[in-house]
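Please examine the sequence and the three-dimensional model shown below.

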Amino acid sequence: MLDFFTIFSKGGLVLWCFQGVSDSCTGPVNALIRSVLLQERGGNNSFTHEALTLKYKLDNQFELVFVVGFQKILTLTYVDKLIDDVHRLFRDKYRTEIQQQSALSLLNGTFDFQNDFLRLLREAEESSKVRAPTTMKKFEDSEKAKKPVRSMIETRGEKPKEKAKNKKNKGAKKEVKFLLTGFDVPLTASKTAPAEKSVGADNGVELSKEELIRRKREEFIQKHGKAADKSSKSSKSDAPKEKGKKAPRVWELGGCANKEDLDYSAPTTNGAPEIAPPEDINLIRGTGPGGQLQDLDCSSSDDEGAAQNPTKPSAAKGTLGGMFGMLKGLVGSKSLSREDMESVLDKMRDHLIAKNVAADIAVQLCESVANKLEGKVMGTFSTVTSTVKQALQESLVQILQPQRPVDMLRDIMDAQRRQRPYVVTFCGVNGVGKSTNLAKISFWLLENGYSVLIAACDTFRAGAVEQLRTHTRRLSALHPPESHGGRTMVQLFEKGYGKDAAGIAMEAIAFARNQGFDVVLVDTAGRMQDNAPLMTALAKLITVNTPDLVLFVGEALVGNEAVDQLVKFNRALADHSMAQTPRLIDGIVLTKFDTIDDKVGAAISMTYITSKPIVFVGTGQTYCDLRSLNAKAVVAALMKA
């Protein structure tokens, strides 16, 4: 049973609608438009909204959208056929009204499609029911029945022989065991069991059963006694080697393992450590304005060299522009088909994967572009390559521009008006740079005049608290209390190692509220997305403390792993959360962006899979190496051949 079926134009005019239930279809269709159509995520023609599954089809020639909705617990096999039949009949029946391409004509037009739709729906339901019942295969139809009897006997004749051999071997083992114990049992389990008396192998004299057992026992003892002698000799021969083993050579500059020589801790005076040596503040701070985030620059050294030598002829221009030049060809005024775009999309997919975009995401992007352009009429002097490339660029820019941008400074000001600290939690896998980028964001907030409390909730990794303590000392040197009227601008809240991270974060937030800190930055331990206990602890920390912003810190070096990390982090936060509406990742911090040149595909993968914005981009080792994402620059670097 269908909940609804609606047909509307891409301009937003509803042409016809079928309502199968009393509930309105406005909410699900608007969610489809916001989350899929406007965000260029048309790679899959299915969308789930609450308890409904929506399937849609785009008609790019007439700018129409066909949407059908039904309960997601139902498995309706005829939906795809129904939407294709409705699309074909509606387009052919009202071609003249749609081709006028004016909103007034569409509003004044009458689309009496109810009877036709009900007929198509009835036919689709009947076609799905009319199915030949599955009958069991008879023995005469199987491959086994076609084999001749002789071949079956031959193939089966080998296995009993093997079994007989195995039985003989097992019988021999049993014989040895029984001979050692001396029990009165048959010697072997084979068919040729000996009688009470046996003939000796050497002199032809008949031996009794007891004499045969005694002789076999002596042979067995002699055989295994020799092996024991050999093993004892080998152990004796190894012993002198150990005694004569050379002592390791001691080199003059090889160091020493004495505790006194390895103690590099700072000497203390009256129990207090000496003051740390002065550090180069400018080297720590870096160059550039710290309070204002600059846009990300994705230009490589090759681009700079080309800009310095504009008179130098470019080889790429002579070949019609890199990877897209080989497919250049005028097609005239015609509607695009899948066959026309197939070769171009294949090369674009390979190009995106080479630029570090996850393979699944690259396939979905190309599929979305194909759905967007299929049936679209091209201009006279347009080419398939240029049209597809432009559509892909527009899709990538739209993906990198989030539905709801994150403005931390505005949200901090709103929290100040409510007289509470603004809480940010950092999470991610091991070694991606959570603590380093937390220090960079702290410096950016300090430059904008906000006080920061750093909560050391990484109670697992050795040296995590000391690392944050070093960052706090350096940030305090850059922003001393004397420069802010005696107010402490940055402070570390730590309780050591082995404690509950959620409890430390709660105490840090309460401390920040009492001391008047503007922002609390919570550093968590790195954890793999498959580690269920640690993911449960992270979900507990987020559920208990309800931070204002949850940032996932990820490397720009990863490809397919980025998708796996984000999907499993969100799934784990949803599964292990105790709240009715679980809190998921709100934004992304992309680190190590200065190490990838133009392989910027991880930004596309992370944003596509989560629909969340990239809030910060780390580009270096100093506190000023923090940038905001420039979508157009990233797409330009991604599309560069």
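A residue is called buried when its relative accessible area is under 20%. With this term in hand, one may turn to strand β16, which spans residues 587-591 of this predicted model. Five of its five residues are buried. In a regular strand the side chains alternate between the two faces of the sheet. In β16, Gly-587, Val-589 and Thr-591 lie on one side, while Ile-588 and Leu-590 lie on the other, and all of these residues are buried. Both faces of the strand are therefore covered, given that buried means under 20% relative accessible area.

The neighbours of β16 come next. Strand β15 (residues 549-555) pairs with β16 in the parallel sense over five bridges, and Leu-551 stands opposite Gly-587. Together with helix α22 (residues 560-576), β15 and β16 form a right-handed β-α-β unit. Strand β17 (residues 614-618) also pairs with β16 in the parallel sense, over three bridges; here Phe-616 is the bridge partner of Val-589.

Another sheet deserves attention. This open sheet has five strands in the order β2-β1-β5-β4-β3, with antiparallel pairing. Its edge strands, β2 (14-19) and β3 (46-49), each pair on one side only. Within the sheet, β4 (residues 52-59) and β5 (residues 64-71) are joined by eight bridges, and Tyr-56 stands opposite Val-67 in β5.

Helices also lie across these strands. Helix α1 (residues 26-37) lies across β1, β3, β4 and β5, at about 60 degrees to β4, whereas helix α5 (residues 114-129) lies across β1 and β2, at about 50 degrees to β2.

Methods:
Residues are numbered from 1 along each chain as its sequence is written. This is a predicted model: local features need pLDDT of at least 70, side-chain atom pairs count only at pLDDT 80 or more; totals for chains, interfaces and linings use all residues. Side-chain values use heavy atoms; hydrogens and water are left out. Buried means under 20% relative accessible area, exposed over 50%, partly exposed in between (1.4 Å probe, protein chains only). Helices (H or I, at least four residues) and strands (E, at least two) are DSSP runs, numbered from the N terminus. Two strands pair if DSSP finds at least two bridges between them. A crossover is right-handed if, with the strands pointing away from the viewer, the path from the first strand over the helix to the second runs clockwise. Contact means heavy atoms within 4.5 Å. Axes are lines fitted to C-alpha atoms, for helices over the stretch in contact, and angles run from 0 to 180 degrees between N-to-C directions.
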